Amino acid sequence: LTSSGDKVREAYIEFFRDKKEHDFIASSPVVPLNDPTLLFANAGMNQFKPIFLGQLEPNSPLQGVARAVNSQKCIRAGGKHNDLDDVGKDVYHHTFFEMLGNWSFGDYFKEEAINWAWELLTEVYGLDPERLYASYFAGDEELGLPADVEAKEMWEKLLPPERVLPFDRKDNFWEMGATGPCGPCSELHYDRLGGRDAAALVNADDPDVIEIWNLVFMQFYREDDGTLTELPSRHIDTGMGLERVTSVLQDKRSNYDTDIFGPLLAALHDLVGGDPYQGRVGEEDVGMRDTAYRIIVDHARTLTLAVVDGAMPSSEGRGYVLRRILRRAVRYGRSKLQAPPGFFSQLVPKVADCLGVAFPELNEGAKRVESVLREEEAAFDRTVDRGMQFFEALRDELTAEGKSIIPGDQAFLLYDTHGFPLDLTEQMAQEAGFTLDSAGFEAAMEKQKERSREALREQQAQKSEGLQPLELVAEQTAWLGDRKVPITDDDP
Ligand code: ATP
Ligand code: MG
Ligand code: MG
Ligand code: MG
């Protein structure tokens, strides 16, 4: 079955709403409303947490809802789930993605969840059952729990036993936190290639055998002392990645080859020129153009959805995560695709085009989002330009002196005041025919760390001499706010 991403989403919601009597409950904002423990919504169940905890407000619109379905906007770029480092490197982890989900709140349980998942995948979506693998909880001594034989037997009615696989706690036991509701889960994995025994590739980070759907059977409560008790009512919480299942249905080996990302990659190509996206991954992607394409379109979706839901790039907390994500995208664009200044925010209207059907808030909000991002990007472009100028002046000076090594303390200055990660400076150095003293860079970094430790000790000493804590906080934030800290070491 070939189907647009929009159709895949629609078919999921229709199936559970019209055939299985679920209520459609709109996605909650990616910026959580009442949950300070959460950076961004990272799963469909977030907004239903009060139900699972038995803490639903009496006047909540969720009162009386026994079954729910939706497509939840998720961001996994910090906190418990942080997929930022995988984005661009692989073709199936995004920072922003949609999680299709169906829920039972004390209503149906394991058998319906499993059979309906199977019905949707094989009958509605028409997936080849031969390509599917199911996993179940293998049991855990420490938790004092046996294997989930029930789930195993249910799957074995649908699949041959060699494609029903046990996994331990890491993959097949779900917990909300250190305490709270929890339970075993079963997942569906799909072999993109087929015609082979792929059992050993399940849960092994293979790009062609990917996890598509997680079905959580919430039936225990973990107490403060670690013991598990049975919940008074049992719940179902499922999550399927829309981009992944769409890639499967469109018979593509990459989420980026679907119509969900196609228009965005084309829009980016229009802005940067040169070769269009070619889908190369890892070492094959010499020059990292395709990696940059993936990172930029992914990050454009994340920034757009986060800002439309009320977040703002800033120097603290959630806003700082967004600022770093934007800078990461801009750096990849400018250094790998030779993108012109200001390219990034111009992707916002395209993101709104693509996702406005599912999330109408984008139709009204896109203009505002674009102007927020335009400003943020311009400020960063200026920093980048200043860094480039600094580098060029340094290069000319060293050349005039007949030198061919960039001193470590200069590379550190670029890092510390201009936010250039070491490997970007290394790359520029190489292009200019220089080498770089990386040991000197490390030494300068170490010195700086020692200086901050010293400063902190002094501050603490002053604090005990009566400086107001609030002034202290202000000082520290200002200092942090001005520093440009790179995101990961391998960023350009
Ligand atoms: P993975 O093992 O691939 O990282 P996960 O086990 O962390 O996935 P779950 O928390 O079980 O994922 O989320 C439910 C579903 O959401 C997954 O089966 C997958 O289809 C989808 N999903 C999870 N993380 C991402 C992501 N970063 N990008 C796109 N889809 C994702
Ligand atoms: Mg994960
Ligand atoms: Mg997993
Ligand atoms: Mg999972």
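Student: Let's start with strand S6, residues 132-137. How many of its residues are buried?
Tutor: Keep in mind that this is a predicted model. Leu132, Ala134 and Tyr136 point one way from S6, while Tyr133, Ser135 and Phe137 point the other way, and all are buried. S6 is mostly covered, and the count of buried residues is six of six.

Student: Which residue in S9 stands opposite tyrosine 133?
Tutor: S6 and strand S9 (residues 180-191) run antiparallel and are joined by four bridges. Opposite tyrosine 133, S9 places histidine 189.

Student: And what is the bridge partner of serine 135 in S7?
Tutor: Strand S7 covers residues 164-167, and its pairing with S6 is parallel, over four bridges. Within S7, the partner of serine 135 is leucine 165.

Student: Which helix goes with S6 and S7 in a β-α-β unit?
Tutor: S6 and S7 pair in the parallel sense. The unit they make with the helix is right-handed, and that helix, residues 149-156, is H4.

Student: Let's turn to the ligand. Which element gives the most to the shell around ligand 1?
Tutor: The shell has 15 residues, and Asp83, Phe97, Asn214, Gly239 and Gly241 are the closest. At least two residues each come from strand S5 (96-105), strand S10 (209-222), strand S11 (228-241) and helix H6 (242-249). With four residues, the element that gives the most is S10.

Student: What about S10 and S11: which glycine in the turn of their hairpin has a positive phi?
Tutor: These two strands pair antiparallel over nine bridges, and tyrosine 221 stands opposite threonine 229 in S11. Five residues lie between the strands of the hairpin. The one in the turn with a phi of about 95° is glycine 226.

Student: Is phenylalanine 52 buried or exposed?
Tutor: Phenylalanine 52 sits in helix H2, residues 49-52. Leaving out residues up to four places away in sequence, it touches Pro181, Met218 and His235. The cut-off is 20 or more C-beta atoms within 10 Å, and phenylalanine 52 has 22 such neighbours, so it counts as buried.

Student: How far is the C-alpha atom of phenylalanine 52 from that of valine 149?
Tutor: Phenylalanine 52 belongs to helix H2. Along the chain, valine 149 is 97 residues from phenylalanine 52, and their C-alpha atoms are separated by 24 Å.

Student: Why does glutamate 21 count as exposed?
Tutor: Glutamate 21 isn't a glycine, yet its phi is positive, about 55°. It is found in the loop between helix H1 (5-19) and strand S1 (23-24). Exposed means 12 or fewer neighbours, and glutamate 21 qualifies because its C-beta neighbours inside 10 Å number 12.

Student: Where is glutamine 338?
Tutor: Glutamine 338 has a positive phi of about 50° without being a glycine, and it counts as exposed. Its place is the loop between helix H9 (317-336) and helix H10 (348-355).

Student: Last one: what separates the centres of domain 1 and domain 3?
Tutor: The domain assignment gives domain 1 (5-249), domain 2 (261-400) and domain 3 (404-492). Taken over C-alpha atoms, the centres of domain 1 and domain 3 are separated by 41 Å.

Notes. Residues numbered from 1 in each chain as written. Chains lettered and ligands numbered in written order. Predicted model: local features only at pLDDT ≥ 70, side-chain atom pairs only at ≥ 80, totals over all residues. Near = placed C-beta within 6 Å. Domains from an automatic or database assignment. Pairing = 2+ DSSP bridges. Right-handed = clockwise from strand over helix to strand, strands pointing away. Contact = placed C-beta atoms within 7 Å.
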